[in-house]
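Please open the structure in your viewer and keep the selection panel at hand. The stops below are meant to be followed in order.

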Amino acid sequence: MAKKTPAGWTRKHLLGLEDLSAGEIRHLLDAAEKFLPYATGTRPARALAGKPPVPPGPLANRTVLNLFCEDSTRTRTSFTLAAERLGARVIQFQAGTSSLKKNETLLDTARNIEAMGLDAIVIRHPDRGAPQAVAEAVNCSVLNAGDDAHEHPTQALLDFLAMRHKLGRLDGLTVAIVGDIRHSRVARSNLHGLSKLGSRVIFVGPPPFLEGLGDIAAPVETSTDLEAVLPECDAVMMLRVQFERHERNVPNGAGPPAQHPAEGGVAFDLEDYKRGYQLTAKRLARAKPGAIVLHPGPINRGLEITDEVADGPQSVILHQVTCGVAVRMAALSLCVGALERERKSAKPSPLTPPLSRSTQRLSTGHKGRGRQKRGLSREGRGRGKSSAGA
Ligand code: MLT
């Protein structure tokens, strides 16, 4: 990865916020601000290139691969629109019908598609550290669209842009992030970014959802008492209970599984959870006047948030989604810009770099069916720790 300089943006990858400086985060947000008029598609991004008639946008003739190995609505659509509005061609990788099903590893998949000519890979993967591993294995830019409960950098950046619009600043704020913190990459990326920008983050939830945070190097403030925390809050970010990331749940017949833990599961009761942590209008009234409500989506209406709050005047949830396209336009154009500078200055090199020894392990391991299917070997699990900034 290129070294950063305080003046600008020199990274060809965006893997997480833990590694970024406050200056780099502000740089991304300022770039996103400029893209905002183009993000809704009402002004064609190619106008950014200057004088008409100028067909190409900033990423004209570039190719972006959306390598999503987990479900997604907002993030995949948002990255697709961002890349297309910059003029790029986007390839949608379908994990379920790909050679990953034939036990090809993720790294082989990425290197093979890159060999057809790629400028950026946008990756979402259930294994922590997978984006970092792919970044080490390919030459093109890599952007993390969510890895396990590790990082989701563009989600946090879009949250910051929405907060800056609605609250006018990103320093000196108190932001409560409420719910299933333990399984949330959004909470982690928000903590890394907001604390660098000078705001205070309080993770709020029942004890089982506040466990397992030992991987976070930054100081973590937690509370189990939402009502006590709310009067201090400028912003309240509600999280979905991420059932699919709980190791195992006991189905309770109808609706999401939740009642009691099975082996490796999370002990909590849905009705207790709603009683203690659902954001209702009555609860929200305890927050500071003008406090805003955020949610990364997907919303589970009637569980973590009521309709009245989700659709109410303090909710900025749909504005977050709009900001997301602008943030991803900024991230793609800055990272691919850095890649292009690197390509111009580089000596001719093989199309794909040799794999480092640690990366070779990810590329060759066949340590279990589940992981084989996903294309990362079991060793991939530990990578996020050493590449926690990734
Ligand atoms: C994520 O991908 O982590 C989402 O944005 C939040 C969620 O899934 O609840």
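Begin by selecting Asp148, which lies in the loop between strand 4 (141-147) and helix 5 (153-167); helices (H or I, at least four residues) and strands (E, at least two) are DSSP runs, numbered from the N terminus. The phi of Asp148 is near 45°, a positive value in a residue other than glycine. With 19 C-beta neighbours inside 10 Å, Asp148 counts as partly exposed, where a residue is buried if 20 or more other C-beta atoms lie within 10 Å of its own, exposed if 12 or fewer, and partly exposed in between, with C-beta atoms placed from the backbone.

Before going further, note that this is a predicted model, in which local features need pLDDT of at least 70 and side-chain atom pairs count only at pLDDT 80 or more, while totals for chains, interfaces and linings use all residues. Residues are numbered from 1 along each chain as its sequence is written.

Next, select Asn61, in the loop between helix 1 (22-39) and strand 1 (63-68). Asn61 also has a positive phi, about 65°, although it is not a glycine, and with 10 C-beta neighbours inside 10 Å it counts as exposed.

Stay with helix 1 and pick Ala22, which has its place there. Ala22 is partly exposed, with 14 other C-beta atoms within 10 Å. Leaving aside neighbours within four places in sequence, Ala22 is in contact with Lys196 and Leu197, contact meaning that the C-beta atoms of two residues, placed from the backbone, lie within 7 Å.

Now turn to the ligand and show the residues around it, namely Gly146, His152, Gln155, Arg185, Val186, Arg240, Gln242 and Pro296; a residue is taken as near the molecule if its C-beta atom, placed from the backbone, lies within 6 Å of it. By class, this shell has two nonpolar, four polar and two charged residues.

From there, move to the peptide bond joining Gly297 and Pro298, which is cis, with omega about -5°. Pro298 lies in the loop between strand 9 (292-294) and helix 10 (307-310).

Centre on Ile121 to find Leu65, Leu67, Ala110, Val134, Val138, Cys140 and Val142, which Ile121 touches when residues up to four places away in sequence are not counted.

Finally, colour the chain by pLDDT, the predictor's confidence in each residue, from 0 to 100. The mean pLDDT of the chain is 84, and 78% of its residues reach 70 or more. Over residues 248-264 the pLDDT is below 50, and beyond near neighbours in sequence this stretch has 27 contacts in the model. Residues 377-390 likewise stay under 50. Where pLDDT is low, the predicted coordinates should not be read in detail.

Terms used
Nonpolar A, V, L, I, M, F, W, Y, C, P; charged D, E, K, R; others polar.
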